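Please read the account below alongside the sequence and the model. It goes from rings and charges to the chain as a whole, and then to the helices.

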Amino acid sequence: MKKWTIPGLVLFSAGVVMLVAGAPNLFAEEKGNNTGETKVQMNMPTPKEFKIERGMSKQSQACIECHKTETPGLFTDWAMSRHAAANINCLDCHQAQEFDPGVSKRHYKQYERSDTKWGTSEYRVPVQAAVTPKTCSRCHPDEVKQYAKSKHANTLEIIWKIDPWLNHGLNNATERTAGCFKCHGTVLATDKNGEIDPATWPNVGVGRLNFDGSLGSCSSCHTRHRFSVMDARKPEACGACHLGPDHPQMEIFKESKHGDIYDAFGSTYNWTSAPGSWTPGVDYRAPTCAGCHMSGSGSVIGTHDVTERLSWELQAPLTIRPQDFKPFPAHNNWEVERKKMQAVCTQCHGDPWVKAHYANLDAAVQNYNEIYFKPVKQVMDQLYAKKIIDETPMFNTKIQWDFYELWHHEGRRARMGTAMMAPDYAWWHGFYECKKKFQEIMEEAQSYLDGSRKPYRYPAMPGSGGDTTRPAQIFKDQKQGG
């Protein structure tokens, strides 16, 4: 006969209690009202409750119990997370020093409440809302180091170096806060009351400059407070920013066979396998964005630096190698990185297939560079040299809008559609539109050059007036745009 140990007996007993108290009893009986009849009803299961049984400080317990009531959605997300299972609580991420910028003064009022037992000074702890990569690095040092080298983390520097909307003040603060900075990130700042300035918060932009000097927000991809690896592995995480006319990677992925398979079989993928162990052919049938660009695969080690594995800078006006991208040169060799990506591809495709795909991509890049971009750029340079149009402010003539969209919209779609195997984007949204825009630009430019007409100059840009001062924390030597 099997002997029960004390712990085993306790577990067995607890299991019985859970069965009796928690499982539906389909045969529960209830006596009728003075009729002698017996009614059969279905009992509802006991609601699942999160119980604090591990040792933690009373301040930590106060955070959990208070948020359980005040923000139950936030609490539930955390309670379902691996963080909670590992006894990582609110204060492990949010606690700060009294003097730190970004510490919430409003939160201190929670400890002056009389309607909750947690509202007393003994539980008072300084906290800040913005959790940063520096905080996360205490447990995830490698991921944070990799991320710090990426274009994601440094996107604020990049856009301030290349974006005419910022440097020429062509959009205002409202438009930037609602649009640009929601993806690219803000420079966190405090207002006159010492609270985080609403112009910079809430924000989870990938290049957010935090109070502690770190760049980025891990919750851009691992949404709070679950911080799920499943969330970051799904293409929708990337599609929150990578969509639309200028970089429709989400739409391109959906059109591709990878996206088609994801739509059909994604519910069968093992999204929750441990980091570093997500395996093609075992855990998923076709890759998502993360599967190609970040996850480990075969001999290729996983990375949080999305600049890796790239052999072309497809978003640039003229397609170049990543190390030649002046605003933020990659510190690696494109041939080495191409071999990494190809090694990922060969987990599912034969070597001839992979090499043929890259040959097609290289041909599409050459096609765009030589047939569309360079000839139009040459004509635009003539117009600027002859003072027929002015370089600043940008977009004061139609031909400048057309040139911008040729590379920023149609040209990107042609190149990215080819790279990610979405033929409709490569052709109808891409090269077809490049042809149309090319002809319109050349016709307009010729009429200016031969003097048959002069360009119409638009009046002042609506919604302009944005500050052209570059963030001093990033650009310590040069503060002005231009």
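The charged end of R124 sits over the ring of Y108, 3.6 Å from the ring centre. A charge sits over a ring here if NZ of Lys or CZ of Arg is within 6 Å of the ring centre and within 35 degrees of the ring normal. R470 likewise lies over the face of F475, at 4.9 Å from the ring centre. This is a predicted model, in which local features need pLDDT of at least 70 and side-chain atom pairs count only at pLDDT 80 or more, while totals for chains, interfaces and linings use all residues. Residues are numbered from 1 along each chain as its sequence is written, and side-chain values use heavy atoms, with hydrogens and water left out.

Y262 and Y269 are both buried, where buried means under 20% relative accessible area, exposed means over 50%, and partly exposed is in between (1.4 Å probe, protein chains only).

Turn now to the whole chain. Of its 482 residues, 41% count as buried. The protein chain exposes about 26700 Å², and carbon and sulfur atoms supply 57% of that area; accessible areas come from the Shrake-Rupley method with a 1.4 Å probe, and for residues only the protein chains shown count as cover. There are 19 helices and two strands in the protein chain. Helices (H or I, at least four residues) and strands (E, at least two) are DSSP runs, numbered from the N terminus.

K161 is partly exposed at 35% relative accessibility, and E157 is partly exposed at 22%.

Helix α18 (residues 398–419) holds K398 and D402, again four residues apart and separated by about one helical turn. Their closest N and O atoms are 2.7 Å apart in a salt bridge. K398 counts as partly exposed at 38% relative accessibility, whereas D402 is buried, with a relative accessible area of 7%.

E410 and R413 also lie in helix α18, three residues apart, about one turn of the helix. The side chains of E410 and R413 meet in a salt bridge of 3.8 Å, N to O, and both residues are buried. Salt bridges that share partners join E405, E410, R413 and K437 into one network.

Notes:
Salt bridge = Lys/Arg side-chain N within 4 Å of Asp/Glu carboxyl O.
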